[in-house]
Amino acid sequence: MIETTVFSNELLPGGGHLSFVLKRGELLRLTDVEGGANVSAMLFNAHEKTERLNLPDSLKCQHTAKLTAGHCLYSDMGRVLAAITRDTCGWSDSIGGVLCAQEVVEKYGNGRYQELRNGFFRNGADNLLVEMGKWGLGLSDLTMVLNLFSRVDVDAHGGLRFVEGNSKAGDCIELYAPMDTLFVITALQHPMDPSKTYSPKPVELTFMKAAEAVAEHCRTSRPENERGFINTQRIHA
């Protein structure tokens, strides 16, 4: 078993947003506290933010329609921004995106700050933009997101179906950073979640130090991933 050392814990409340750099050699565990969580995540090269997560390439080069343990999250430069080393719920969605403010109103009704104060209805686009602004990023940098803990199936006719109950209380996903990676995240319901009640779920974040070997099964899962790790290591040579 690979030894890890926890150095920080934090609770991301439902509806909350956060950004941070997961440094090379660090491991992030996200834990679904209550069940039914969804975390929308954007990833960037912390030192060159024009390099960011490319989900089509991540899926294509690993010959998969889902992202789970053993898979890598690739940048548009062919480097590994993060490797999914553990995933107890088995699926994270790369299709659904996030809702904007108007879509939240249409789905959940008016949940204004004036009446609800800090319990007002938040939306994914604005939450991500708030965090992105802290790093000099703006609307033009708001691109694709990975919806951790959520599953969307595609039928034979191209129809999409949100799978309810994909993540249970206590399920976790662990991400290892082979390079300094900027994470921008928000904990809101998946856009395709059929519930008409605004009730985003909290997620616990655990930050750890870990040996590179923790991601060895990701590196060796496909020849493409071996090349991706080599490409990533070159920036540290």
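What follows is a tour in stops, each with something to select and something to look for.

**Before we set off**

This is a predicted model, so to speak of local features we need pLDDT of at least 70, and side-chain atom pairs count only at pLDDT 80 or more, while totals for chains, interfaces and linings use all residues. Residues are numbered from 1 along each chain as its sequence is written, and side-chain values use heavy atoms, with hydrogens and water left out.

**Stop 1: helix H4**

Select residues 124–133, which form helix H4. Helices here are DSSP runs of H or I with at least four residues, strands are runs of E with at least two, and both are numbered from the N terminus. Which residues of H4 are buried? Colour Gly124, Ala125, Asn127, Leu128, Glu131 and Met132, and you have them. Buried means under 20% relative accessible area, exposed means over 50%, and partly exposed is in between (1.4 Å probe, protein chains only).

Now look down the axis: the buried residues of H4 fall within an arc of 165°, so they line one face of the helix. The arc is taken from the directions that run from the helix axis to the C-beta atoms. Here's a handy rule: an α-helix has 3.6 residues a turn, so residues three or four places apart point the same way.

What covers that face? Show strand E2 (17–22), strand E4 (39–45) and strand E11 (181–187), which are among the elements covering the buried residues of H4. Covering rests on contact, meaning heavy atoms within 4.5 Å.

**Stop 2**

Jump to residues 223–233, helix H6, where Asn225, Gly228, Phe229, Asn231 and Thr232 are buried. Their arc around the axis is only 160°, which puts them on the same side of H6.

For helix H2, select residues 101–108 and pick out the buried ones, Val104, Lys107 and Tyr108. They span an arc of only 75°, which places them on the same side of H2. Then step just past the end of H2 to Gly109, where phi is positive, at about 90°.

**Stop 3**

Most residues other than glycine have a negative phi, and most peptide bonds are trans. Two residues are worth a click here. His63 has a positive phi, near 55°, without being a glycine. You'll find His63 in the loop between helix H1 (55–61) and E5, and it counts as exposed at 58% relative accessibility. Arg117 isn't a glycine either, yet its phi is positive at about 50°. Arg117 sits in the loop between helix H3 (113–116) and H4 and is partly exposed, with a relative accessible area of 46%.

**Stop 4: the cysteines**

How many disulfides are there? The count comes to zero, where a disulfide is a pair of cysteine sulfur atoms within 2.5 Å. Select Cys72 to see why: its closest cysteine sulfur, in Cys218, is 5.3 Å away, too far for a bond. Cys72 is buried, at 0% relative accessibility.

**Stop 5: empty space**

Rolling a probe the size of a water molecule over the atoms shows where empty space is left. On a 1 Å grid over the protein atoms alone, a cavity is a set of points where a 1.4 Å probe fits but cannot get out; a pocket is an open set with protein on both sides within 12 Å along at least five of seven lines; and lining residues have an atom within 4 Å of a point. Grid points are joined across faces, edges and corners, and a volume is the space filled by probe spheres set on the points.

The largest pocket holds about 210 Å³ of space. Select Gly36, Ala37, Phe162, Gly165 and Asp193, the closest to its centre of the 19 lining residues.

The largest cavity has a volume of about 100 Å³. Of its 15 lining residues, Leu99, Arg122, Gly124, Leu188 and Gln189 are the closest to the centre.

**Last stop: Val163**

Finish at Val163, in the loop between strand E9 (160–162) and strand E10 (172–176). Val163 is buried, at 17% relative accessibility. Leaving aside neighbours within four places in sequence, Val163 is in contact with Arg151 and Asp153.
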